[in-house]
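Subject: Structure handover

Hello,

Here is the structure we talked about. Please open it alongside this note and follow the residues as you read.

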Amino acid sequence: MPKFSFSSMVLSVAAAIALAGCSPTYNWRDYTSPDAPYRVMFPAKPASFTRPVDLGNIKVDMTMTAAEVENTIFAVGTAKVPDPQQAQAALEAMEAAMVKNINGTVTSKKSSSVAVASGATMAQSTSEELDANGNVNGAPMRLIGHFEARDKRVYQVVVMGKTKSVNQEQAEQFLSSFKLL
């Protein structure tokens, strides 16, 4: 099974978006995932792609749903690990892979953990917010991300693009709209 490569997954999703004829303006729309319990507002019509990935030696199918506007990718990636005890390791692998994809350095990071009701049981939810700067092919890049693990599911909610293209207000709107159901 291939190692996790966000770049190839994003390129596949970006190609699907281009084929869909999406307009490069912010046209916010509500999106509820058909295969994972989350809801988010995308700035354009998103496209989805699922493929096998390796998250720190945990082999899973990851679904990436993304939209591109003004050279910035807005994406949500989800995967289900076999055991809730593996979720934190998978989350850390997702985060590391994303930062590595932009040859980046984390400039800020905030972690939190909370117990949440999940049906009749309690589940642990851990999350990390990060901002990273990097460089891809000589272009300065920025990654803003929210990474979350709850029970057997891991999520990455990211905004990524050339540093000058990433609109902070639009990135915040996208990230703050992400809700687990």
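Start with the side chains of Arg39 and Asp30. They meet in a salt bridge, with N to O at 2.6 Å. Keep in mind that this is a predicted model. Arg39 counts as partly exposed, at 39% relative accessibility. Asp30 is also partly exposed, with a relative accessible area of 41%.

Now the backbone around that pair. Strand S1 covers residues 29-32 and strand S2 covers residues 38-42. The two pair in the antiparallel sense, over four bridges. Arg39 turns up here again: in S2, Arg39 is the bridge partner of Thr32. The link from S1 to S2 is a hairpin of five residues.

The other salt bridges

How many salt bridges does the structure hold? There are six. As a reminder, side chains of opposite charge can pair when their charged atoms come close.

Lys109 and Glu128 form one of them, and their closest N and O atoms are 3.2 Å apart. Lys109 lies in strand S6 (residues 105-118) and Glu128 in strand S7 (residues 121-136), so this pair ties together parts that are 19 residues apart in sequence. Are the two partners buried or exposed? Lys109 counts as partly exposed, at 48% relative accessibility. Glu128 counts as buried, at 12%, because the cut-off for buried is under 20%. The pair is also part of a network of salt bridges that links Glu95, Lys109 and Glu128.

Arg150 and Glu148 form another salt bridge through their side chains, at 3.8 Å from N to O. Arg150 is partly exposed, with a relative accessible area of 23%. Glu148 counts as buried, at 9% relative accessibility.

Ser127

Ser127 is found in strand S7. Ser127 counts as buried, at 11% relative accessibility. Its side chain joins that of Ser112 in a polar contact of 2.9 Å.

Asp54

Asp54 is found in strand S3 (residues 47-54). Asp54 is buried, with a relative accessible area of 8%. Look at what its side chain reaches. The backbone nitrogen of Asn57 is at 2.6 Å. The backbone nitrogen of Ile58 lies 3.4 Å from a polar atom of the Asp54 side chain.

Helix H3

Helix H3 runs over residues 168-177. Its N-terminal end is capped by Asn167. A side-chain oxygen of Asn167 lies 3.0 Å from the backbone nitrogen of Glu169.

Which residues of H3 are buried? They are Gln170, Ala171, Phe174, Leu175 and Ser177. These residues cover an arc of only 165 degrees around the axis, which puts them on the same side of H3. And what do they pack against? The list is S2, strand S5 (72-80), strand S8 (139-150), strand S9 (153-162) and strand S10 (179-180). That brings back S2, the strand that pairs with S1.

The chain as a whole

Now step back. The secondary structure comes to three helices and 10 strands. From the N terminus on, the elements run α-β-β-β-β-β-α-β-β-β-β-α-β.

The chain has 181 residues, and 47% of them count as buried. Take the contacts between residues at least 6 apart in sequence: 56% of these join residues at least 24 apart. The accessible surface of the chain comes to about 8,800 Å². Carbon and sulfur atoms account for 52% of that surface.

- Arg39, for its salt bridge with Asp30 and its bridge to Thr32.
- Asn167, for the cap on H3.

Best wishes

Conventions: Residues are numbered from 1 along each chain as its sequence is written. This is a predicted model: local features need pLDDT of at least 70, side-chain atom pairs count only at pLDDT 80 or more; totals for chains, interfaces and linings use all residues. Side-chain values use heavy atoms; hydrogens and water are left out. Two strands pair if DSSP finds at least two bridges between them. Buried means under 20% relative accessible area, exposed over 50%, partly exposed in between (1.4 Å probe, protein chains only). Contact means heavy atoms within 4.5 Å. Accessible areas come from the Shrake-Rupley method with a 1.4 Å probe; for residues, only the protein chains shown count as cover. The arc is that of the directions from the helix axis to the C-beta atoms. A polar contact is a pair of N or O atoms within 3.5 Å; within protein, one must be able to donate a hydrogen and the other to accept it, and residues adjacent in sequence count only if both atoms are side-chain atoms. A salt bridge is a side-chain nitrogen of Lys or Arg within 4 Å of a carboxyl oxygen of Asp or Glu.
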